[in-house]
Amino acid sequence: TIRFAIFASGNGSNAEALYQATKEGHLHGEVVGVFSDKEEAFVLERAAKWDVPTAQLSPKAFASKVDYEQAVLDQLRSWQVDFLVLAGYMRLIGPTLLNAFPNKIVNIHPSLLPAFPGKDAIGQALAYGVQVTGVTVHLVDAGMDTGPILAQRAVEVQATLEQTEACIHAVEHELYREALDQLWNEERMK
Ligand code: GAR
């Protein structure tokens with residue numbers, strides 16, 4: 001089975017949805033660890049409840065990004081990770097991790113990329129005045145929210161920001177599982 005680590009910086013609602021999907025047999029993979037760059041990330045409390053190992057490292061504690069990612073990589077090796085699944089990990093992936101996991105890092109982003117990359121994509125889309133936005137799942141390359149698209153789904157802008165956010169998050173939780181399940185089915189056929 002595919003062994004994956006979830007990378008998250010915050011709440012972890014996508015992490016929660018993916019973990020539950022593995023438990024319910026809707027996603028054929030195993031969450032072997034949760035990694036966060038943020039000490040206060042709520043995702044770490046979620047993972048403790050699931051009884052999944054966690055690791056937290058702060059980039060500021062390292063002399064360079066290479067040193068930081070090397071330490072992350074050591075942790076991933078000990079978990080014997082096949083895929084990295086970014087779920088609100090708000091940091092660019094550098095060459096150390098990209099080279100160690102070529103085409104094996106996946107990200108989800110709350111817009112129809114290439115529109116509105118970066119932080120606060122939902123806020124950016126509403127500020128622009130779009131009527132339709134959405135969700136993208138893609139393979140990660142060196143850019144910010146760039147790389148080959150695996151799946152996209154459109155979401156209509158709702159009357160309030162809160163309603164639009166709720167719709168987008170609901171779509172994320174479903175689309176991420178579907179896209180990963182398809183990717184890993186293809187991986188198993190190789
Ligand atoms: C999600 O909406 C995800 O798409 C976004 O962060 C949120 C994390 O929510 N990621 C990005 O913006 C990446 N550039 P969660 O912590 O509840 O899963």
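Guide: What follows covers the ligand, its shell and the pocket around it. This is a predicted model, in which local features need pLDDT of at least 70, side-chain atom pairs count only at pLDDT 80 or more, and totals for chains, interfaces and linings use all residues. Residues are numbered from 1 along each chain as its sequence is written, and side-chain values use heavy atoms, with hydrogens and water left out.

Now the polar contacts (pairs of N or O atoms within 3.5 Å). Glycine 12 uses its backbone: an N or O atom there lies 2.7 Å from a ligand oxygen. Serine 13 places a polar side-chain atom 2.6 Å from an oxygen atom of the ligand. For asparagine 14, a side-chain N or O atom is 2.9 Å from a ligand oxygen. The protein buries 88% of the 450 Å² that the ligand exposes when taken alone (Shrake-Rupley areas, 1.4 Å probe).

Next, the elements, which are DSSP runs numbered from the N terminus: helices are H or I with at least four residues, strands E with at least two.

The ligand takes up the space of the largest pocket. More than half of its atoms lie within 2 Å of the grid points. A pocket is an open set of points on a 1 Å grid over the protein atoms alone, where a 1.4 Å probe fits, with protein on both sides within 12 Å along at least five of seven lines; lining residues have an atom within 4 Å of a point. The volume is about 660 Å³, taken as the space filled by probe spheres set on the points, which are joined across faces, edges and corners. The lining has 33 residues, with Gly88, Tyr89, Met90, Ile108 and Pro110 closest to the pocket centre. Two or more lining residues come from each of helix 1, strand 5, helix 5 (121-128) and helix 6.

Conventions: A polar contact is a pair of N or O atoms within 3.5 Å; within protein, one must be able to donate a hydrogen and the other to accept it, and residues adjacent in sequence count only if both atoms are side-chain atoms.
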